[in-house]
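Hi everyone, thanks for coming.

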Amino acid sequence: MDLDVDVDETGRHPLRVVLRQAQRVLARAGVASPRVDAELIAAHVLDVDRGRLPLVGPLDDRTVARIDGLVARRATRVPLQHLLGHAAFGPLTLAVGPGVFVPRPETELLHEWGLAALRGVSEPLVVDLCTGSGALALALAAARRDATVHAVELDPDALAWARRNAEERAADGDRPVVLHAGDVTDPTLLADLDGRVDLVVCNPPYVPLATPVPPEVAGHDPARAVFGGEDGLSVIPHVVRTAARLLRPGGAFAMEHDDTHRDQVLALLAARGGFTGGTALDDLTGRPRFVTARRTG
């Protein structure tokens, strides 16, 4: 942005002009939501809620330069959440950055389904596999403070982010989540919980390797958190097997998957046995995104 133009009589910059220029920069870079991103960057720099931006007066050169710097980085397709240092997930704000998968809004539906499945269950035992930033585990623990929630993550960098988020949530009064460094392909993972768990949720790596992904994903999300092998299904059978082992009779299972995998994942559940009521659910865009089931006796 050019600091020498569009100033008022005091030599300061109207925010509406700064935002309009930022929007143009981001739109030219191919950012999907340039106006929203520009406003969120400005709100971050100004330390105000986005909804209060219309109340902000003209900006000085230094503030505009800070906004300009973040806009320039966003134009290179650095994820907005990395620039802000956090991502929203349901009612939570989670710390994220390089080395961890940024939680997506569609996964909030998995959280909502899990909460509904726990209705009527007192002091539930919950496991979140492939937890990443800890989003699902921490959201469930925040909503059900009587729950004992275990979260498993293989990648040490992602686990460090999950630990940071878990400590912050515990400091805010949530029941602490139990974090485990573990591999969902390990047949002994959480073996002490076998047959006792009320709910298993998972957002595993599931994107087929050849699938084109946005620059924010290709350049910044950890590949092992995104891609599930050539067909995207390399991890999912292990998740199904682990869930079947951990769940008590009547326990609930919900897992996110690629929108091309509905039939394959339902077939995996059927072939594994021990599940009933296998159901495919759509995300907010109408694409098949989740499977849910109950453990039989």
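**Helices that pack together**

Okay, let's begin with helices H2 and H3: they pack at an angle of about 135 degrees, and their axes are 10 Å apart. Keep in mind that this is a predicted model. Angles over 145 degrees would count as roughly antiparallel and 65 to 115 as roughly perpendicular, so at about 135 degrees H2 and H3 come out as oblique to each other. As for the handedness, H2 passes H3 in a right-handed crossing.

Which residues make that contact? From H2 we have Asp 37, Ile 41, Ala 42, His 44, Val 45 and Leu 46. From H3 the partners are Thr 63, Arg 66, Ile 67, Leu 70, Val 71 and Arg 74. If you sort the residues of this contact, you get seven nonpolar, two polar and three charged.

Now, H2 has another partner. Helix H1, residues 15-28, packs with H2, residues 34-46, at an angle of about 130 degrees, and here the axes are 8 Å apart. H1 and H2 are therefore oblique to each other, and H1 passes H2 in a right-handed crossing. On the H1 side, the contact includes Leu 15, Leu 19, Ala 22 and Leu 26, while the H2 side includes Pro 34, Ala 38, Ala 42 and Leu 46. This contact divides into nine nonpolar residues, one polar and four charged.

Let's stay with H2 itself for a moment. H2 has 13 residues and reaches 18 Å from its first C-alpha to its last, close to the 18 Å you'd expect at 1.5 Å a residue. Which of its residues are buried? They are Pro 34, Asp 37, Ala 38, Glu 39, Ile 41, Ala 42, Ala 43 and Val 45. And what covers them? The cover includes H1, H3 (61-75) and another helix, H4 (80-84). Just after H2, have a look at Asp 47, which takes a positive phi of about 60 degrees.

Last stop: a residue in a strand. Arg 289 is found in strand S9, residues 288-295. Is Arg 289 buried or exposed? Buried means under 20% relative accessible area, and Arg 289 has 6%, so it counts as buried. Leaving aside neighbours within four places in sequence, Arg 289 is in contact with Tyr 206, Met 255, Glu 256, His 257, Asp 258, Asp 259, Leu 281, Asp 282 and Asp 283.

Notes:
Residues numbered from 1 in each chain as written. Predicted model: local features only at pLDDT ≥ 70, side-chain atom pairs only at ≥ 80, totals over all residues. Heavy atoms only, no water. Axes fitted to C-alpha atoms, helices over the stretch in contact; angles between N-to-C directions. Helix = DSSP H or I, 4+ residues; strand = E, 2+ residues; numbered from the N terminus. Parallel < 35°, antiparallel > 145°, perpendicular 65-115°, else oblique. Left-handed = near helix turned anticlockwise from the far one by under 90°. Contact = heavy atoms within 4.5 Å. Nonpolar A, V, L, I, M, F, W, Y, C, P; charged D, E, K, R; others polar. Expected span 1.5 Å × (residues − 1). Buried < 20%, exposed > 50% of the residue type's maximum accessible area, 1.4 Å probe, protein only.
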